[in-house]
Amino acid sequence: MLLKKIKLENIRSYLTEEIIFPEGSVLLSGNIGSGKSSILLAIDFVLFGLNPGMGSALLRNGQDKGSVELHFNIDSKDIIIKRNLKRTQTGVTQDYGYLIVNNEKTEGTATELKARIITILNYPKELLTKSKSLIYRYTVYTPQEEMKTILLGDKDSRLETLRKVFGIDKYKRIMQNAEIFIKNLKAKNREFEIRIENLDRKNIEKQEKEKELERIKIDIKKITMDYENLSFLLRKKKEELTGIENLIKEKNRTKNELELEQNNIKNYYLRIERENREINTLQNEINSLEKDLDGKKEENIDELIKKRAEIYEEISSKENEIRKLRDKVAELNSKKDTSESLREKITELNSCPTCLQEVKQEHKHTIIIKEEKNINIILENLNEIAKKIKDKEEEVKKLKDKHEKINTEINEYNIISLKFKNLKEKEEKLKKVDREISELNSKINETHAVIKELDEKIKKFQNIEEKYILFRREIDELIKQDKMIGIRKATLEQNELDFTKTIEILKKEILLMEKIKGNLDYFKKLQKWLTDNFINMMQIMEKKIMLKAHSDFNSLFEKWFAMLVDNGMINTKLDEEFTPIITINSYETDYSHLSGGERTAAALAYRLALNQVINNLMSEIKTRDLIILDEPTDGFSSEQLDKVKLVLDELNLRQIIIVSHEPKIESFVDSVLKFEKKEHVSRII
Ligand SMILES: Nc1ncnc2c1ncn2[C@@H]1O[C@H](COP(=O)(O)OP(=O)(O)OP(=O)(O)O)[C@@H](O)[C@H]1O
Ligand SMILES: [Mg+2]
């Protein structure tokens, strides 16, 4: 790290100032209070931020805002960092700042900037305290007043701080962690040992199960073959059984047919019997009819019927005439009665009922004669008509007899004709029945033939039921066997499955155990190595590094103190806790008993030795070529100041910044920056 430039705004005694730092040794010179230490405080602030309570000491009195901007160079990287200060009601605080690395700017809070700077400076992060970096404090810059307190401070805390900055305390941590790790390893190893306790037993179990599985597989193979053969046989037998069942069905069908045909024959015989009885009846009836009709023949009775109709007509007409004549008789009788009545009435009549005039005898007589004449005529007519009626009635009687006779004749003819018809019918029927009988006979013959055929057929199915029963039994037996083999096979297969699963589980368990065993072996080796080697190694390393640091520190401190004091009477060395032991004339003397110049020399020698030892131990930090010394020569004599040059030359650093108001130092530094303060404002001259 090389400082290039610093810009101050309202920092302590400064208003606005820019200071450029050259390479090599630089002296900041000026009177008391001219603003030299302020520059160093500003550098400290801009890099690491505010220390608690430092704000008001930094921001110029009466100002609300201030800032520091530092330009520096690390590994040919140009870096600018700026921090701002502001005054608030509670005090002075930090504001946002920024960092520019090779022209790349990033803004950040105070803490973010600090973290980035620590990275850029490559400082170990564990050595970062809340406010400061110990490394920076013990290598680059120790504030003016703090120099002596390092030496005078509490032994234990100094040793602890030194162990920290030397990076030695990490070995203690490593060992403590290693102990914890070993403890955990032991616990883990015990757990692993328990977990793999059964490994051998599991391996044996697995081998046994595998053997058993092999046997099961062979059994399954065998039983599968048996099972298939049996199934094939069973299938075949079942097919054959179906064939037999079909034959039985056919046999039953044939039997039914036979029964049907036998019934048919029975029916045919019954019918023939019936027909024969009918033939007998018919024959008897025919015989009787033939007897009845013997010598008779069928007549044509149409003429007779015609004649009967004509007679009937004639009877009707005659009877009509008789009726008419009877009507005439009645009419005439009525006329006769009228005339007779009139005659009677006239005879007894004396006066006319109408005109009441007297009827004359003469007149009466005339009328009586006339009426008697009429009565006579009527009587004559009546006689004549009576005669006619009698004749006619006789004629009718004759005609009716004739009609009766013809009628009887017709009836007789009809009966004969009916009997003939009847006879004919019976003969027809007889013929028909004959025909039927012969038809039935031929049917009977046919049926006999069919029955014979069916009988033959049934004979072919002989013993089929017995065969069926035998077959059935055989199949039942096979089914039983099939079932048994099936169950056995299923059991074996289940066993196979179970064994496979168990083996799988065992394999997994064994695999896991072997893995654990592998880990256990490794962990045990590790545990042994850590216990036997690592911790020892760490102890040795810690010791060696501590010894090296101590011896380097001691020789540098001794050398530089001797160079700075150079009177041969005072010797100094470091005890184990890095406390300077000073002997004057072989008498051990307390630090506080030394003169002011001697104390300053011891402090400077201690400070520079510390810088060198840390820089050597931590080769990676980026501040190895810079040191800032504030008033390191307070109380030095002129000769001592000459020695300072030699000591600084031995440091061989690229940039040394020294604050001093000893004019002598100006003669051996490369550059001098002069400061003055006028009217409460510091500036560089
Ligand atoms: N907050 C502040 N505001 C203004 N001035 C301040 C503030 N704090 C300190 N000062 C003054 O700034 C001046 C510069 O102080 P600084 O410590 O830089 O002086 P110096 O050059 O190192 O002196 P010395 O040689 O005595 O160590 C001093 O006069 C100091 O009193
Ligand atoms: Mg000062």
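This is a predicted model: local features need pLDDT of at least 70, side-chain atom pairs count only at pLDDT 80 or more; totals for chains, interfaces and linings use all residues.
Residues are numbered from 1 along each chain as its sequence is written, chains are lettered from A and ligands numbered from 1 in the order in which they are written, and side-chain values use heavy atoms, with hydrogens and water left out.

The protein holds 14 helices and 14 strands. Helices (H or I, at least four residues) and strands (E, at least two) are DSSP runs, numbered from the N terminus. The radius of gyration is 85 Å, well over the 26 Å that the globule rule gives for 685 residues, so the protein is more spread out than a compact globule. This radius is taken over C-alpha atoms, and the globule rule is 2.2 Å times the number of residues to the power 0.38. Along its principal axes, the C-alpha trace spans about 245 × 110 × 40 Å. Of the 685 residues, 39% are buried. Buried means under 20% relative accessible area, exposed over 50%, and partly exposed in between (1.4 Å probe, protein chains only).

Ligand 1 has 19 residues around it. A residue counts as near if one of its heavy atoms lies within 4 Å. Gly 33, Gly 35, Lys 36, Ser 38 and Lys 677 come nearest. The shell divides into three nonpolar, eleven polar and five charged residues. Here Ala, Val, Leu, Ile, Met, Phe, Trp, Tyr, Cys and Pro count as nonpolar, Asp, Glu, Lys and Arg as charged, and the others, Gly among them, as polar. Helix 1 (36-48) and helix 2 (55-58) each supply at least two shell residues. The largest share, three residues, comes from helix 1.

Polar atoms also approach the ligand. A polar side-chain atom of Lys 36 lies 2.8 Å from an oxygen atom of ligand 1. For Ser 13, a polar side-chain atom is 3.5 Å from a ligand oxygen atom. A polar backbone atom of Asn 61 lies 3.1 Å from a nitrogen atom of ligand 1. Taken alone, ligand 1 exposes 640 Å², and the protein buries 75% of that. Such areas come from the Shrake-Rupley method with a 1.4 Å probe; for residues, only the protein chains shown count as cover.

Strand 3 (residues 24-30) is largely enclosed by the rest of the structure, because seven of its seven residues are buried. Strand 3 pairs in the parallel sense with strand 12 (residues 655-659) over five bridges. Two strands pair if DSSP finds at least two bridges between them. Gly 24 has Gln 655 as its bridge partner in strand 12. Strand 3 also runs parallel to strand 13 (residues 671-678), joined by five bridges. There, Val 26 stands opposite Ser 671.

Most residues other than glycine have a negative phi. Ser 586 is not a glycine, yet its phi is positive, about 70°. Ser 586 sits in the loop between strand 9 (580-584) and strand 10 (587-589). At 71% relative accessibility, Ser 586 is exposed. Glu 631 also has a positive phi, near 55°. Glu 631 lies in the loop between strand 11 (626-630) and helix 13 (638-651). With a relative accessible area of 14%, Glu 631 is buried.

Methods
A polar contact is a pair of N or O atoms within 3.5 Å; within protein, one must be able to donate a hydrogen and the other to accept it, and residues adjacent in sequence count only if both atoms are side-chain atoms.
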